[in-house]
Amino acid sequence: MPPIEVGSTSATGAINGRLARLTGPSEAKPTGAKPGAPSLSAWAESPVVDASSALDPGAAPIDAERVAEIRRAVANGTYPVIPTQIADAMIAAGVLLASHRE
């Protein structure tokens, strides 16, 4: 079995590649690079990976017609305000917040 080679402890690879992209390949100096290893110019010329569109949540599901209806009711003074429902919702929100802290 061949012996395990332990390389230098200095940063080589992704950190130097990022430096090469920011400063240009001629200014980035490889640290501890072995002869025959790929140069940093290959890293700088590699394509940049775009963020996945699968992670994009998209637009919020807002019912614009319902929002307009509520705004009209508030402006007219006909929006029903029921204090017991408001209190219940506030207590429920407090319980939820307290349960996530623990």
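**Entry 1: the model.** I am working from a predicted model. I keep that in mind for every entry below.

**Entry 2: overall fold.** I looked up the secondary structure first. The chain has 4 helices and 0 strands. Read from the N terminus, the order of elements is α-α-α-α.

**Entry 3: burial and surface.** How much of the chain is buried? I find 7% of the 102 residues buried. The chain exposes about 9100 Å². Carbon and sulfur atoms supply 62% of that area.

**Entry 4: contacts.** I then checked contacts with a separation of 6 or more. Residues 24 or more positions apart account for 27% of them.

**Entry 5: helix α4.** Next I turned to α4, which covers residues 83–101. I count 19 residues in α4. From first C-alpha to last, α4 reaches 27 Å, close to the 27 Å expected at 1.5 Å a residue. Is α4 buried or in the open? The number of buried residues in α4 is 0, so the helix lies largely in the open.

**Entry 6: the nonpolar patch.** Which residues form a nonpolar patch on the surface? I list Val 74, Tyr 79, Val 81, Ile 86 and Met 90. Together they have about 510 Å² of accessible area.

**Entry 7: Met 90.** Met 90 sits in helix α4. Why does Met 90 count as exposed? Its relative accessibility is 59%, and the cut-off for exposed is over 50%.

Key: Residues numbered from 1 in each chain as written. Predicted model: local features only at pLDDT ≥ 70, side-chain atom pairs only at ≥ 80, totals over all residues. Heavy atoms only, no water. Patch = residues over 30% accessible without salt bridge, like charges linked within 9 Å, V, L, I, M, F, W, Y side chains within 5 Å. Areas by Shrake-Rupley, 256 points an atom, 1.4 Å probe, with all protein chains shown as cover. Salt bridge = Lys/Arg side-chain N within 4 Å of Asp/Glu carboxyl O. Helix = DSSP H or I, 4+ residues; strand = E, 2+ residues; numbered from the N terminus. Buried < 20%, exposed > 50% of the residue type's maximum accessible area, 1.4 Å probe, protein only. Expected span 1.5 Å × (residues − 1). Contact = heavy atoms within 4.5 Å.
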